[in-house]
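Thanks for coming. I will show one structure today and walk through a few parts of it.

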Amino acid sequence: MAVPQHAKGDRPNLLGLSLPEMTTFFADLGEKPFRARQVFRWLHQGGVDSFDAMTDLAKSLREKLPDVATIIAPKLMTEQASKDGTRKWLLDVGTGNGIEVVFIPEDERGTLCISSQVGCALDCTFCSTGKQGFNRNLSASEIIGQLWFANKAMGRDPKGERIVSNVVMMGMGEPLANFDNVTAAMDIMLDDHGYGLSRRRVTLSTSGIVPNLMRLKERCPVALAVSLHAPNDKLRDVLVPINQKYPLAELLVAIRDYLEAAPRDFVTFEYVMLNQVNDSVQQAHELVALIGDLPCKFNLIPWNAFPEAPYQRSSNNAIHRFREVLQAAGFVVTVRKTRGDDIDAACGQLAGQVVDKSNRAGIIKLNHVVA
Ligand code: SAH
Ligand code: SF4
């Protein structure tokens, strides 16, 4: 059986340790805090994956470290590049599971879309990850490993700035359902000795697990996107079943509260456009009334089809009309562009490979949508 990435025996995978955790680890070895910082920088700024490469560590320490720690990075399975610059990597995270990571270049930034879980338990009816069911949480090292990998692949621009400038947690899984590992990985993203990303350049997308949203406000407030998808509880209960537990009124109060601590003073609402399900002009008006004066932007996502889903993508006309109602009410609205069409990363259409040993045989193809 393959070894999970977070640990090998009882040796921690240093890739998943925050700087404070690394400092404690080195203190336990009788080493000074600056050693922890050196190793942390080698891993996340230098992109190395062996102790031998850490040339400014004392030789004795370099020789000792493999006995007490590991560095296990995700391995590349396949790689695709689109003509528009979008890149897609399938990474092996052990035990036969593959997760996809998508890099999307834009004029002013390079956005990396990463996953938090293999599969998802929340079962949104229009989402193929949801239809796949839940396989497992990704560890902190597997989450940060996606950024580690992409940084190595993309490198820096001529000014020395990293090409990957933004991260969105919009790949597979519900990040707030894997709270501890996701926040641990975000600590490393934000650390100046790690990736040095500002909180506004890291966006967490959630379907609305309200108690954990409130915890996120205290623990690690980053930019927020919320998957809304419906203007009332009756429809949202069907499309996003977690709404039955945390209905819209509760969710909207929690978002307003979250914004007090957030690095951006608005939330981005994602709204998937499903033909004749949630895309009428009347529903757009209902949405305007629901949102009121909550500071937000809307991102309308033309639905990406997958086999046997009971939906169709809204027509361009319907999307246009829906958008106009929101704009007339003063909201900023974007319609998600199709990117990486030729490599199935269209509008972030994401496919992962999962061997689910618990209850399914063989390789199941996921067909999922991200940012
Ligand atoms: N679980 C989180 C983040 C991952 S999903 C969430 O739900 O927010 C990222 C975004 O893709 C969400 O807005 C989700 O609703 C949307 N999405 C899922 N399946 C889709 C599909 N088939 N077409 C278009 N958007 C989809
Ligand atoms: Fe999970 Fe998000 Fe898909 Fe819903 S849309 S099933 S929360 S990944």
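First, the ground rules. Residues are numbered from 1 along each chain as its sequence is written, and chains are lettered from A and ligands numbered from 1 in the order in which they are written. This is a predicted model, where local features need pLDDT of at least 70, side-chain atom pairs count only at pLDDT 80 or more, and totals for chains, interfaces and linings use all residues; side-chain values use heavy atoms, with hydrogens and water left out.

Ligand 1 has 19 residues around it, and Gly 173, Ser 205, Ser 227, His 229 and Asn 304 come nearest. A residue is near a molecule if one of its heavy atoms lies within 4 Å of it. By class, that shell holds eight nonpolar, nine polar and two charged residues. Ala, Val, Leu, Ile, Met, Phe, Trp, Tyr, Cys and Pro count as nonpolar, Asp, Glu, Lys and Arg as charged, and the others, Gly among them, as polar.

Now the polar contacts, meaning pairs of N or O atoms within 3.5 Å. A nitrogen atom of ligand 1 sits 3.1 Å from a polar backbone atom of Phe 126. A nitrogen atom of the ligand is also 3.3 Å from an N or O atom in the side chain of Glu 174. On the oxygen side, an oxygen atom of ligand 1 lies 3.1 Å from a polar side-chain atom of Glu 270. How much of ligand 1 does the protein bury? Taken alone the ligand exposes 540 Å², and the protein buries 96% of that, by the Shrake-Rupley method with a 1.4 Å probe.

Ligand 2 is surrounded by Cys 120, Leu 122, Asp 123, Cys 124, Cys 127, Gly 130, Gly 173, Glu 174 and Ser 207. These are four nonpolar, three polar and two charged residues.

Next, helix α3, residues 59-68, where Leu 61, Arg 62 and Leu 65 are buried. Buried means under 20% relative accessible area, and exposed over 50%, with a 1.4 Å probe and protein chains only. Helices are DSSP runs of H or I, at least four residues, numbered from the N terminus. On the other side of α3, Lys 59, Ser 60, Glu 63 and Asp 67 are exposed.

Last, Phe 322, which is in helix α11, residues 316-328. Phe 322 has 0% relative accessibility, so it counts as buried.

Note on methods:
A polar contact is a pair of N or O atoms within 3.5 Å; within protein, one must be able to donate a hydrogen and the other to accept it, and residues adjacent in sequence count only if both atoms are side-chain atoms. Helices (H or I, at least four residues) and strands (E, at least two) are DSSP runs, numbered from the N terminus.
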